[in-house]
Amino acid sequence: MNLLLEVFGRLHPVLLHLPIGALFALGVYELRAWRKGDPPAPRFWISFAACCAAFTAASGWQLHEEPGYIENFALEWHERLGIATGIGAILCAILYSNTLRYRKMLLLTVSLVLGAGYFGGTMTHGEDFILEPIQRFVALNTSQPPPATVTYGYDIAPIFKAKCSKCHSAQKQKSELRLDTPEWILKGGEEEGPAVHA
């Protein structure tokens, strides 16, 4: 049974796209229906979105039980908002017969999805993932010329950040290995010792 739960948890990155798509599609549909005075979407679609959101929240909870995830602000809020999204989607299905309340709950639930997605992206891709292209553009247009010698901050850190931070950062440390500061790189992982020998 534990193996099946582990597989269920690892399905989280696959499952999470279903409630996101379903809830956003419902949000667009309901906005249009509200403006035109039409009735809400068929109950089947609300029930489908609620089931997807509940299964996704449960798989995320199970995935969190695996080693390698460090308790931090992003993980805590991703988990809270993910659970709240699941509850909100279920409440949408329960409130379906009262169109106004259902639509208000749907608006709140879509907002929760945005927050959960933001913190999930922060955990997976790093804190500045969304705004990094803009930051890079600004840095390229305002930065000083590169140093004459190789430096950690200018030459090495960007490589670790781009290639390694998804699994080896302050947010997530597979094999207890962090590669986000020189001190952690030299400390190394759980059994292998230093990641780099100077």
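Let's start with Ile90: Ile90 is partly exposed, at a relative accessible area of 37%. A word on those labels: buried means under 20% relative accessible area, exposed means over 50%, and partly exposed is in between, with a 1.4 Å probe and protein chains only.

This is a predicted model, so local features need pLDDT of at least 70, side-chain atom pairs count only at pLDDT 80 or more, and totals for chains, interfaces and linings use all residues. Residues are numbered from 1 along each chain as its sequence is written, and side-chain values use heavy atoms, with hydrogens and water left out.

Back to Ile90. Ile90 sits in helix α5. Helices here are DSSP runs of H or I, at least four residues, numbered from the N terminus. Setting aside neighbours within four places in sequence, Ile90 is in contact with Ala50 and Ala54. Contact means heavy atoms within 4.5 Å. Ile90 and Ile185 are 95 residues apart in sequence, and their C-alpha atoms are 45 Å apart in space.

Next, another residue of that helix. Thr85 is also found in α5, which runs over residues 73-94. Is Thr85 buried or exposed? Thr85 is buried, because its relative accessible area is 7%. Beyond four places in sequence, Thr85 touches Leu23, Ala53, Thr109, Leu112, Val113 and Ala116.

On to helix α4. Helix α4 covers residues 43-64, 22 residues in total. The expected span of a helix is 1.5 Å times one less than its number of residues. For α4 that should be 32 Å, and the end C-alpha atoms are 32 Å apart, so the two agree. Buried residues in α4 include Ile46, Ala49, Ala50, Cys52, Ala53 and Thr56. Further along α4, Ala57, Ser59, Gly60, Gln62, Leu63 and His64 are buried too. What covers them? The cover on the buried residues of α4 includes α1 (2-10), α2 (12-15), α3 (17-36), α5 and α6 (99-125).

Now the helix pairs. Two packed helices are described by the angle between their axes and the distance between the axes. Axes are lines fitted to C-alpha atoms, for helices over the stretch in contact, and angles run from 0 to 180 degrees between N-to-C directions.

Take α4 and α5. Their axes come within 8 Å and cross at roughly 155°. So α4 and α5 are roughly antiparallel to each other. The cut-offs: under 35 degrees is roughly parallel, over 145 roughly antiparallel, 65 to 115 roughly perpendicular, and the rest oblique. The crossing of α4 and α5 is left-handed. Left-handed means the near helix is turned anticlockwise from the far one by less than a right angle; clockwise would be right-handed. On the α4 side, residues making the contact include Arg43, Ile46, Ala53, Trp61 and His64. On the α5 side, they include Leu75, Glu79, Ile83, Thr85 and Ile90. By class, this contact of α4 with α5 has 13 nonpolar, four polar and two charged residues. Ala, Val, Leu, Ile, Met, Phe, Trp, Tyr, Cys and Pro count as nonpolar, Asp, Glu, Lys and Arg as charged, and the others, Gly among them, as polar.

Second pair. The axes of α5 and α6 come within 8 Å and cross at roughly 155°. That makes α5 roughly antiparallel to α6. The crossing of α5 and α6 is left-handed. What is the make-up of the contact of α5 with α6, by nonpolar, polar and charged residues? It has 17 nonpolar, eight polar and no charged residues.

Third pair. The axes of α3 and α6 come within 10 Å and cross at roughly 140°. That makes α3 oblique to α6. The crossing of α3 and α6 is left-handed. From α3, the residues that meet α6 include Ile20, Leu23, Phe24 and Trp34. Their partners in α6 include Tyr102, Leu106, Thr109 and Val113. The contact of α3 with α6 divides into 11 nonpolar, two polar and two charged residues.

Last, α6 itself. Its 27 residues should span 39 Å, and its end C-alpha atoms are 38 Å apart, which agrees. After α6 comes Gly126, with a positive phi near 110°. Met105 lies in α6 and is buried, at 17% relative accessible area. Leaving out residues up to four places away in sequence, Met105 touches Gly88, Leu91, Cys92 and Leu95.

Conventions: Helices (H or I, at least four residues) and strands (E, at least two) are DSSP runs, numbered from the N terminus.
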